[in-house]
Amino acid sequence: MRIPQRIDQCGANRYFIGMKVVKLGDPILRQKAIPLPEVTDETRALIREMFETMEKEDGVGLAAPQIGLGIRLFVVKADDGVERAFINPQIIETSTETSVYEEGCLSVPKNYEDVVRPARVVVQALNERGRRFTLEADGFLARVIQHENDHLDGILFIDRIAPDKRARIEAKFATTPVPEGR
Ligand SMILES: [Zn+2]
């Protein structure tokens with residue numbers, strides 16, 4: 001595990017446990033995450049750390065289960081460059097109109113597939129201050145929100161592609177069984 005060392009503004013050394021993005025095959029990616037009971041300073045520190053991890057990995061979204069936490073929280077920085085945190089989100093409306101876009105996932109690295117999703121969504125969530133907001137999104141932002149929200153229900157983008165393609169990707173991430181009798 002990587003443990004990055006950082007230096008704060010006072011020059012004192014501070015250590016953070018490095019966030020590790022879990023990969024396909026880790027059971028946490030398949031679990032339904034639970035709501036966050038409250039938004040605290042700890043939540044805000046976690047969100048900050050998630051944004052940093054996401055940027056370091058060249059991602060545009062990161063959900064808590066991807067760093068091993070089964071809580072309903074994800075962060076997004078889509079093409080408008082705005083950092084948005086979604087706590088206990090709910091997609092309350094989806095358009096009947098759909099769009100196709102090639103998706104990838106930090107938990108399924110180097111695999112990209114076209115995924116069909118509603119073109120527009122309305123999402124409600126708490127922000128990092130614990131305030132409820134409603135956001136109507138379309139285009140790339142709507143796409144990222146839906147991908148990340150799926151993570152909270154244990155759903156991955158490969159569940160939304162043809163079964164044969166999905167099986168091929170899953171096989172790549174399957175751990176090699178230890179031979180018996182050795
Ligand atoms: Zn993902």
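**Strands, helices and a few residues**

Guide: In strand β7, R117 is the bridge partner of S99. Helices (H or I, at least four residues) and strands (E, at least two) are DSSP runs, numbered from the N terminus. This is a predicted model, in which local features need pLDDT of at least 70 and side-chain atom pairs count only at pLDDT 80 or more, while totals for chains, interfaces and linings use all residues. Residues are numbered from 1 along each chain as its sequence is written.

Visitor: Which strand pairs with β7, and in what sense?
Guide: β6 (residues 98–105) pairs with β7 (residues 108–118) in the antiparallel sense, over 7 bridges. Two strands count as paired if DSSP finds at least two bridges between them.

Visitor: How many residues are in the hairpin from β6 to β7?
Guide: The hairpin joins the two strands through 2 residues.

Visitor: And where does P118 sit?
Guide: P118 is in strand β7.

Visitor: Switching topic: what is the strand order in the open sheet?
Guide: The order is β3-β4-β5-β8-β9, 5 strands with antiparallel pairing. β3 (61–63) and β9 (132–138) are at the edges with a single partner strand each, so one side of each has no neighbour in the sheet. From one strand to the next the twist averages 40 degrees. Axes here are lines fitted to C-alpha atoms, for helices over the stretch in contact, and angles run from 0 to 180 degrees between N-to-C directions.

Visitor: How many bridges join β5 to β8?
Guide: There are 5 bridges between β5 (residues 83–94) and β8 (residues 120–126), which run antiparallel. I87 stands opposite L126 in β8.

Visitor: Which helices lie across β4?
Guide: Helix α1 (residues 41–56) lies across β3, β4 (73–77) and β5, at about 50 degrees to β4. Helix α2 (residues 139–152) lies across β3, β4, β5, β8 and β9, running at about 160 degrees to β4.

Visitor: I like checking phi. What about N88?
Guide: N88 has phi near 50 degrees, positive in a residue other than glycine. It is in strand β5 and counts as partly exposed because it has 18 C-beta neighbours inside 10 Å.

Visitor: And K110, what is its phi?
Guide: Phi of K110 is near 70 degrees, again positive in a residue other than glycine. K110 lies in strand β7, and its 7 C-beta neighbours inside 10 Å are why it counts as exposed.

Visitor: What is the average pLDDT?
Guide: The protein averages 89, and 86% of the residues score at least 70; pLDDT is the predictor's confidence in each residue, from 0 to 100. Over residues 1–16 the pLDDT is below 50, and this stretch has 15 contacts in the model beyond near neighbours in sequence. Where pLDDT is low, predicted coordinates should not be read in detail.

Conventions. Two residues are in contact if their C-beta atoms, placed from the backbone, lie within 7 Å. A residue is buried if 20 or more other C-beta atoms lie within 10 Å of its own, exposed if 12 or fewer, and partly exposed in between; C-beta atoms are placed from the backbone.
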